[in-house]
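Open the model in your viewer and keep the selection tool at hand. The stops below say what to pick next and what is there.

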Amino acid sequence: MMAASRDLPFPLAIVCLVLIRGYHPLPTTSQVPGTYPMSPQATRGLSTESFVFREDDYPDDEVTVTPITQSKVSPHGQKTEKCKYNPCLESQIPCTELAASTGCLCPGFTLHNVRPQPPTLTSVTWNGSEVIVQWCAPYSHVTAFSVTVGGEQRQTFGKSRRNGGVGDIEHISEVCVMAVNDAGHSQGSCSMFKPRDRSLPLKAGLIGGALGFLLLLLLAVLLWRRRRQRKQQASISLDNTTETQ
């Protein structure tokens, strides 16, 4: 009996726990669709719906999206712009120097150890005394410009030049301009030059002189005939006077 009385409190404790669980069920995981399992219980007095953001709360006409763009800023603290550089004008500050001094954007230039891109030949004209060649510089490191006529070297100009005279060209020839740097020559930008017929003024002078000579000859013939007619008339009048006497 003493052993049974000692073991009695333990079964009573188990029965008490079973009874307590029956009146107060332990928390279990939520099985409601749309909820997360093992989520903590909501605070008393507050509804979880108050924390849900609905589309009705933000009408479409009130929602604006502002794009964020990144502007390039130069080391001088200013917004970068393209350098004011025209490759067809001469005596300009090189674009690389402009970019270094002002922080402007310069088109991509090839380095000094790379053969330059070819320049752009714009015109080959005769100015009355010699042939003038004009070109635009490439976006490359250039130390000089070379002009060839008929495949032969004719003139070399400085890196800041954009035109130059190459003397007289008597026959139809191919005129080319090339850019030069430490790595060599670029490919040539070429155009065919056809000289004008310079014998035309001489021909015009000869034709004009011949026409003038013919006019003078015709005038002399007319004067001679007129004088002859006068002499004949004078002789006829003399004969008539002698006959009347």
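Start by selecting Trp135, Phe145 and Phe157, which ring pairs link into a cluster. Rings of Phe, Tyr and Trp (its six-membered ring) pair if their centres lie within 6.5 Å; planes under 30 degrees apart count as stacked, over 60 as edge-to-face and the rest as tilted.

Before going on, note that this is a predicted model, in which local features need pLDDT of at least 70 and side-chain atom pairs count only at pLDDT 80 or more, while totals for chains, interfaces and linings use all residues. Residues are numbered from 1 along each chain as its sequence is written, and side-chain values use heavy atoms, with hydrogens and water left out.

**The ring cluster**

The structure holds 2 aromatic pairs. In one of them, the ring centres of tryptophan 135 and phenylalanine 145 are 5.5 Å apart with planes at 45 degrees, so the pair is tilted. Colour strand β2 (residues 131–136) and strand β3 (residues 144–149): tryptophan 135 lies in β2 and phenylalanine 145 in β3, so the pair ties together parts 10 residues apart in sequence. Strands (E, at least two residues) and helices (H or I, at least four) are DSSP runs, numbered from the N terminus.

Phenylalanine 157 is in strand β4 (residues 152–158) and tryptophan 135 in strand β2, so here the parts tied together are 22 residues apart in sequence. Tryptophan 135 and phenylalanine 145 are buried (under 20% relative accessible area; exposed is over 50%, partly exposed in between; 1.4 Å probe, protein chains only). Phenylalanine 157 is buried too.

**The salt bridge**

Next, select arginine 161 and glutamate 90. Their side chains meet in a salt bridge, 3.8 Å from N to O; the term means a side-chain nitrogen of Lys or Arg within 4 Å of a carboxyl oxygen of Asp or Glu. The pair links distant parts of the chain, 71 residues apart: arginine 161 is in the loop between β4 and β5 (163–165), and glutamate 90 in the loop between α2 (9–23) and α3. A search of the whole structure finds 1 salt bridge. How exposed are the two partners, arginine 161 and glutamate 90? Arginine 161 counts as partly exposed at 32% relative accessibility, and glutamate 90 is partly exposed at 31%.
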